[in-house]
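User: I would like to go through a protein model with you, one topic at a time. Could we begin with charged side chains?

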Amino acid sequence: MSKVGIVGAGLIGCSWANVFARAGWTVQVWDSNPQQCESAKDKIAASLHELAAHGLVQDADTATANIRVVSTLEEAVSGVDYVQESGPERLDLKIELFRRMDAAVAPATILASSTSAIVPSLFTEELAGRARCLVAHPVNPPHLAPVVEVCGAPWTDPTVRSRTRAILTEIGQSPVDVKREVDGFILNRLQAALLTEAFRLVEEGYVSPQDLDRTIADGLGLRWAFMGPFETIELNAPGGIADYCQRFVPWFRRYAADPAPLRVWDDDQWRRADAAWGQTPSAEQIAEKSRWRNERMAALLAHKRAQKNF
Ligand SMILES: NC(=O)c1ccc[n+]([C@@H]2O[C@H](COP(=O)([O-])OP(=O)(O)OC[C@H]3O[C@@H](n4cnc5c(N)ncnc54)[C@H](O)[C@@H]3O)[C@@H](O)[C@H]2O)c1
């Protein structure tokens, strides 16, 4: 049976444990905070049972039985084929965790980080085993959003990249090959472009934040659950992408030629958008809404799985 080490058992680490456990892997989980270790197994079990209710996990109890929470990093990575590091998004901690993991694992073990935006060359350069290190960046929560961006450093062995993509595919995720290091990888750069324009449209008084959100939730997002922007525009003109570009290029050129300077993420701007949003939810409300989001995402994922052959 294949074995994975999960280092860091917060939001993302627990969700990764779900993904590997339901795929039949033995999962060894560790966190530096004993309280996180204590609650990890219950949290992962609960998320597995939620998936079972949508037919996305056959047997949540069997999957839960694959998980072992351990008390040291070294135990977590002992005898594993693959490690998914999911500690805090801090370069100094990534450097330290990768140093310890590299010293502890067998030569063939792959070391992957969940980092959202730190390119792997920044925390693997000095390691003896740097050729087996890379980033496997998931979307929150990975047990409901399958995409994972796989990005190596210049010294990452190409076979490590291909083995990582094969492992991710085998466990039911959807790997994307980031061909070379870029700040923010692909997903967060796309998100940044959208959020930057969203803040600008709200700031300049064109739309309320609520109506802007509905433009995505009831518009673009409905298509985006099934297809990306290229496939979207392919269907937006009878002759496909080239036809679309010929029809709409004048407007896109006007848009691109009107580069009002972007006041990106300046404090006043986001505070005004937050005030226009009009509510600051409590931690309990965030948790409640996250449960609702996960429930809806699970239903959508079950629907997508059923349509797989389209
Ligand atoms: N939250 C997201 O939306 C999201 C999405 C994709 C990727 N990520 C990335 O995943 C990683 C984890 O993010 P998260 O949202 O789960 O954060 P989190 O704060 O929920 O979890 C981080 C965990 O790391 C533990 N930790 C702290 N110091 C540690 C150490 N030295 N060794 C081991 N564990 C340690 C903490 O106790 C905590 O349980 C980050 O790199 C983040 O950028 C987050």
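This is a predicted model: local features need pLDDT of at least 70, side-chain atom pairs count only at pLDDT 80 or more; totals for chains, interfaces and linings use all residues.

User: How many residues apart are Arg 271 and Asp 267 in helix H12?

Analyst: They are four residues apart in helix H12 (residues 267-277), so about one helical turn separates them.

User: How many salt bridges does the count come to?

Analyst: The count is 14 salt bridges. One of them links the side chains of Glu 96 and Arg 99, at 2.9 Å from N to O. Glu 96 and Arg 99 are three residues apart in helix H5 (residues 91-104), which means that about one helical turn lies between them. Glu 96 is partly exposed at 35% relative accessible area, and Arg 99 is partly exposed at 45%.

User: What about Arg 200 and Glu 197; where do they lie?

Analyst: Both are in helix H8 (residues 187-203), three residues apart, about one turn of the helix.

User: Why does Arg 200 count as buried?

Analyst: Its relative accessibility is 13%, and a residue counts as buried when that value is under 20%. Glu 197, with 18%, is buried as well.

User: Why can such side chains pair at all?

Analyst: Side chains of opposite charge can pair when their charged atoms come close.

User: Back to helix H12 for a moment. What does Ala 273 touch?

Analyst: Ala 273, which is found in helix H12, touches Phe 199, Val 202 and Pro 209, not counting residues up to four places away in sequence. Ala 273 counts as buried because its relative accessibility is 11%. As for Val 160, which is 113 residues from Ala 273 along the chain, the C-alpha atoms of the two are separated by 43 Å.

User: What is Val 27 in contact with?

Analyst: Leaving aside neighbours within four places in sequence, Val 27 is in contact with Val 4, Ile 6, Ala 17, Phe 20, Ala 21, Asn 66, Ile 67 and Arg 68.

User: I am also curious about Thr 124. Is it buried or exposed?

Analyst: Thr 124 is buried, as its relative accessible area is 0%. This residue lies in helix H6 (residues 121-124).

User: With which side chain does the side chain of Thr 124 make a polar contact?

Analyst: The partner is the side chain of Trp 155, at 3.1 Å. Not counting residues up to four places away in sequence, Thr 124 touches Phe 98, Arg 130, Cys 133, Ala 153 and Trp 155.

User: Now the surface. Which residues form a nonpolar patch there?

Analyst: Phe 248, Trp 251, Phe 252 and Tyr 255 do, and together they have about 400 Å² of accessible area. Of these, Phe 252 lies in helix H11 (residues 240-256). Phe 252 counts as partly exposed because its relative accessibility is 39%.

User: Finally, the backbone. Which residues does a cis peptide bond join?

Analyst: A cis peptide bond joins Asn 140 and Pro 141, with omega at about -10°. Pro 141 is placed in the loop between strand E6 (133-138) and strand E7 (147-152).

User: And what is phi of Phe 185?

Analyst: Phi of Phe 185 is near 55°, a positive value in a residue other than glycine. Phe 185 sits in the loop between strand E8 (174-178) and H8. With a relative accessibility of 0%, Phe 185 counts as buried.

How values were computed: Residues are numbered from 1 along each chain as its sequence is written. Side-chain values use heavy atoms; hydrogens and water are left out. Patches are made of residues with over 30% relative accessible area and no salt bridge: like charges are joined within 9 Å, nonpolar side chains (Val, Leu, Ile, Met, Phe, Trp, Tyr) within 5 Å. Accessible areas come from the Shrake-Rupley method with a 1.4 Å probe; for residues, only the protein chains shown count as cover. A salt bridge is a side-chain nitrogen of Lys or Arg within 4 Å of a carboxyl oxygen of Asp or Glu. Helices (H or I, at least four residues) and strands (E, at least two) are DSSP runs, numbered from the N terminus. Buried means under 20% relative accessible area, exposed over 50%, partly exposed in between (1.4 Å probe, protein chains only). Contact means heavy atoms within 4.5 Å. A polar contact is a pair of N or O atoms within 3.5 Å; within protein, one must be able to donate a hydrogen and the other to accept it, and residues adjacent in sequence count only if both atoms are side-chain atoms.
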